[in-house]
Amino acid sequence: MSQIVIPTINSEYRDIALLGEILKTARRDSREIEIIFRGCRFLRSQAIVGLKAIQLLAERRRALVTYDTVDCSTVVLRHLERSGVRESPLEQPAGTTIPVRHFRNLESAPMAIYLRDEWLGRLPFPLDPEYQRSITSAVCEIFDNVFQHSQSPIGLVVGGQLFPNMKQLQLTVIDLGIGIPNSIRRRLPQYGWFKADDALKFAFKPGYSSRDAPRGLGLARLRNFVGQNNGSLRVFSDVGYAHLGSSEYFGSFPGFPGTLVDVTIPVASPFRRLRTPMEVIL
Amino acid sequence: MKVISISDTFGPFCIASDDGGKLYGLIVDAIKDDQTVELDFTNIEVLVASFLNGALAPLYRDYDSIYLTEHLKFAGLTPSFIEVIQAVVDNAKRYYRDDAYRKAQDEALRLMSEGD
Amino acid sequence: MAHCVDISRERPSQGERFFLDTSVLVHIVHPALSLGIERQRRAAPYAQFISDCKRVGAEMYISPLSLAELASIIEDFRHKVYCRQHSSDTKVKEFRAIASERRIVVDSIQTAWTQAISFANCLDHNVDAAAVAGALDLLRRTSLDGYDLYFAQLCHHAKICNIVADDGDYSTVDNLIVFSSTGF
């Protein structure tokens, strides 16, 4: 049996590193997984989505998952129930939690509906349709990448949160595949020497391709969108890390067994100009 | 890559649509041979829609967005320049690609000029 | 009556001062109004003249009311486009409540104004009881209406006798020199 201890997990760099370690433990072949919440006062959506990923791994190998929630705050329990990761005896009001969803295959329509209704639909006001289309198509790039390149055994898991006071909407996507750096090295052997941060920089270049190689990972569009709209994009993939927004940083990471993409976008009043342009889109 | 310094070619004021038309010619000469061209707006003080409609809008009549993204680059842009270029590009894209939008825009402008 | 000159045959001189009517501004700063051969032909003489003004060091002026008129023209244009696209006769107030359209209008106005003040100076414009009295007087004596009544007064107070306009109505105002391509 594997025991996985879940403490408070926020959304900082070190919290995602801890989440990475937890997921690596969950990947070990074991017929039984006990998830113990110890001193767990708060879980951000990244950890909630990670817990769903653990459930899916367990399902895949028909392992039993049990939960010890004695030392788990009611805030966390409510968050787990509202996200759908844990069953609730009562119907939960929506709140600011975005329900967690699992997509096993590339299904454009259900993904677009999820983004429109369950993610953007959390907003208390209707979003400008043009902005909504831009966000949806930029975020769908992440989904496309998972199914084209990641070789994730569970597909992808997605969830998020609305922060109404900060006027921000956040989305987390996790896959448990080979990671972006490994994907690039395998698909483009001429870049086999790339370190993880080099590979992530390469993945975000607009439309890189050679005639013989597949098209670029399409993340450039997401990077553009986030840059132009005062958003933020973090990618934790294998041992690589990228943080893009008003400034950009590429570096190393202790290790994530797959890829976690974290997008945060501002969602101000529809009459305010949202775009702070950084480059022209032709 | 061919670099066109806009200020060296037209001076610091990009206003006249005829100048925009000349820039269009320079761009097309380069990109039709699969070359990439960079438009450098360093030292430009004024950049307006009438110039850009002469320079960039007709490109959308002749080329698609993917080709233009691959072959046309910008340098020396301020945020306000990016805004006006984007406004002109967005309008040109719709005008030349969307028949219904083009008809609607032409009709709207006809009605407005009749009210002059 | 004003003195009217063909703008395509005139060149500004250093130190000369020109007021730019909104009818000219829109040709320069609005993406739709100088797109296409016909509209470029109409806009070209004004764009060239303004470019020449900048090159030789002539001064150009607008008014804060130019923003109001520009905003009205831009919204009117988008409203008309919207109605034609959707084959509807949506009223302006309903159109204004459509969030996506409102955003486009607001962005267009901001972009247009940013361009306008990049080549023209915005004069202080005091619209008070005396200005209203002057506007009513001009209304009786000329063909001007709306914002043009105040622009003509502003030119008089600022001692600017040159006005660049794509609008024949200024020809009915005394002591102005109207630079235009309309009517030539």
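Figure 1. Two residues are in contact if their C-beta atoms lie within 7 Å; of the chain A contacts between residues at least 6 apart in sequence, 68% join residues at least 24 apart.

**Figure 2. Packing of helices H6 and H7 in chain A.** Helix H6 (residues 180–187) and helix H7 (residues 196–203) pack at about 80 degrees, with axes 8 Å apart. Axes are lines fitted to C-alpha atoms over the stretch in contact, and angles run from 0 to 180 degrees between N-to-C directions. H6(A) and H7(A) are therefore roughly perpendicular (65 to 115 degrees) to each other.

**Figure 3. Residues joining H6(A) and H7(A).** From H6(A), A:Ile180, A:Pro181, A:Ile184 and A:Arg185 meet A:Ala196, A:Ala199, A:Leu200, A:Phe202 and A:Ala203 of H7(A).

**Figure 4. Elements and burial of chain C.** Chain C contains 7 helices and 6 strands, in the order β-β-α-α-β-α-α-α-β-α-α-β-β from the N terminus. Of its 184 residues, 45% count as buried.

Residues are numbered from 1 along each chain as its sequence is written, and chains are lettered from A and ligands numbered from 1 in the order in which they are written. In this predicted model, local features need pLDDT of at least 70, side-chain atom pairs count only at pLDDT 80 or more, and totals for chains, interfaces and linings use all residues.

Conventions: Helix = DSSP H or I, 4+ residues; strand = E, 2+ residues; numbered from the N terminus. Parallel < 35°, antiparallel > 145°, perpendicular 65-115°, else oblique. Buried ≥ 20, exposed ≤ 12 C-beta atoms within 10 Å, placed from the backbone.
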